[in-house]
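The entries follow the order in which I worked.

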Amino acid sequence: MMKKIISEMDDSLQDSINSMVYDTKKYSFKSIPKIEISEDEWKGFIKPPPSNTAKSVREDLQELSDITRNRTTEQKAFALRVDDKVESIFKDYLEKVNLRYPEKFVDAAWEIYYPLITNIKYYFNRARPQQLAPKYGIVLDAIVTPSSKTPSYPSGHSVYGYILESILSEMYPLHITKFEEISEHVGISRKILGIHFQSDIVAARKVTQFIYPKIRNYLLTNNILYSD
């Protein structure tokens with residue numbers, strides 16, 4: 001059915017879909033505090049998302065349709081909890097194994113991370129799944145939260161989850177596997193809500209590999225330590 005829909009699109013309709021973005025308003029890029037990352041630097045590192053008519057996008061939308069139309073009450077509650085506070089599920093595990101959460105270090109990392117990821121999201125200005133799904137006749141039961149009212153690519157919550165994974169893995173290397181598992185659940189939670197493509201989550205890992213070493217080096221150089 002999906003192939004038939006796409007094959008029947010004329011060029012003007014495909015152009016119309018491909019031109020869809022999250023927000024048509026002009027965005028003022030935020031200054032990045034404390035670390036030096038130029039626009040040219042991150043633009044050269046992070047690839048653009050797939051076009052809106054790419055096969056992977058159609059596949060992602062169908063997957064999200066299946067997930068959101070069949071999510072359980074428990075899954076919804078979990079996803080909304082992560083949406084509100086990503087760190088909550090990491091804290092659950094740390095408390096269980098009697099390990100300390102590095103509040104000051106994470107807060108300092110957040111101050112740098114947030115404006116940077118916002119700039120990247122608005123640069124690519126990718127439409128959210130709930131904007132594109134109707135164009136394909138796909139039913140998507142998305143739960144749009146206040147935190148998801150930004151462009152889709154990459155997933156900011158997933159980037160934050162991967163940053164937390166990186167910080168905690170350096171502090172507690174014996175628990176790396178568990179932290180990786182928890183961060184992957186952050187990405188899954190965004191799909192449960194129906195507000196991110198799989199490619200947004202994949203890109204989040206790539207973004208984290210680029211920005212976290214710079215954030216980490218700045219904080220440690222300025223004596224903001226895990227142990228504070």
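**Entry 1. Ground rules.** I noted that this is a predicted model, in which local features need pLDDT of at least 70, side-chain atom pairs count only at pLDDT 80 or more, and totals for chains, interfaces and linings use all residues. Residues are numbered from 1 along each chain as its sequence is written, and side-chain values use heavy atoms, with hydrogens and water left out.

**Entry 2. Aromatic pairs.** I looked up the aromatic pairs and found ten in the structure. Rings of Phe, Tyr and Trp (its six-membered ring) pair if their centres lie within 6.5 Å; planes under 30 degrees apart count as stacked, over 60 as edge-to-face and the rest as tilted. Helices (H or I, at least four residues) and strands (E, at least two) are DSSP runs, numbered from the N terminus. I found both Y93 and F179 buried. Buried means under 20% relative accessible area, exposed over 50%, and partly exposed in between (1.4 Å probe, protein chains only).

I then turned to W110 and Y113, a tilted pair with 5.1 Å from centre to centre and 50 degrees between the planes. Both residues lie in helix α7 (residues 103-124), three residues apart, about one turn of the helix. Is each of W110 and Y113 buried or exposed? W110 has a relative accessible area of 34%, so it is partly exposed; Y113 has 4%, so it counts as buried.

**Entry 3. Charges over rings.** I searched for charges over rings, where NZ of Lys or CZ of Arg must be within 6 Å of the ring centre and within 35 degrees of the ring normal. The charged end of R126 sits over the ring of F197, 4.1 Å from its centre. R205 lies over the face of Y162, at 3.9 Å from the ring centre.

**Entry 4. Nonpolar cores.** In soluble globular proteins, nonpolar side chains tend to be buried together. I took a nonpolar core as a set of buried Ala, Val, Leu, Ile, Met, Phe, Trp, Tyr and Cys residues joined through side-chain atoms within 4.5 Å. Which residues touch the most other members of the largest core? They are F90, I167 and I211, in a core of 46 residues. The elements giving two or more residues to this core are α6, α7, α9, α10 and α11 (198-221), and the largest share, ten residues, comes from α7. Leaving aside neighbours within four places in sequence, I listed the contacts of F90 (heavy atoms within 4.5 Å); among them are G161, L164, L168, F179 and V186. Another core, of 13 residues, lies apart from the largest one and includes A54, L61, L64 and A127.

**Entry 5. L164.** I placed L164 in helix α9 (residues 156-171). With a relative accessible area of 1%, L164 is buried. Not counting residues up to four places away in sequence, L164 touches V86, E87, F90, Y101 and V106. From L164 to E180 I recorded 16 residues in sequence and 9.6 Å in space, C-alpha to C-alpha.

**Entry 6. T68.** T68 is in helix α4 (residues 55-70), and its relative accessible area of 2% makes it buried. The T68 side chain reaches the backbone oxygen of L64 at 2.8 Å and the backbone nitrogen of D141 at 3.2 Å. Beyond four places in sequence, T68 touches residues including L140, D141, K191 and G194.

**Entry 7. Backbone exceptions.** Most residues other than glycine have a negative phi, and most peptide bonds are trans. I found a cis peptide bond between Y153 and P154, with omega about -10 degrees; P154 lies in the loop between α8 (129-132) and α9. N98, not a glycine, has a positive phi of about 60 degrees and lies in the loop between α6 and α7. N125 also has a positive phi, near 50 degrees, and is found in the loop between α7 and α8. Where N98 counts as exposed at 70% relative accessibility, N125 is buried at 14%.

Conventions. A polar contact is a pair of N or O atoms within 3.5 Å; within protein, one must be able to donate a hydrogen and the other to accept it, and residues adjacent in sequence count only if both atoms are side-chain atoms.
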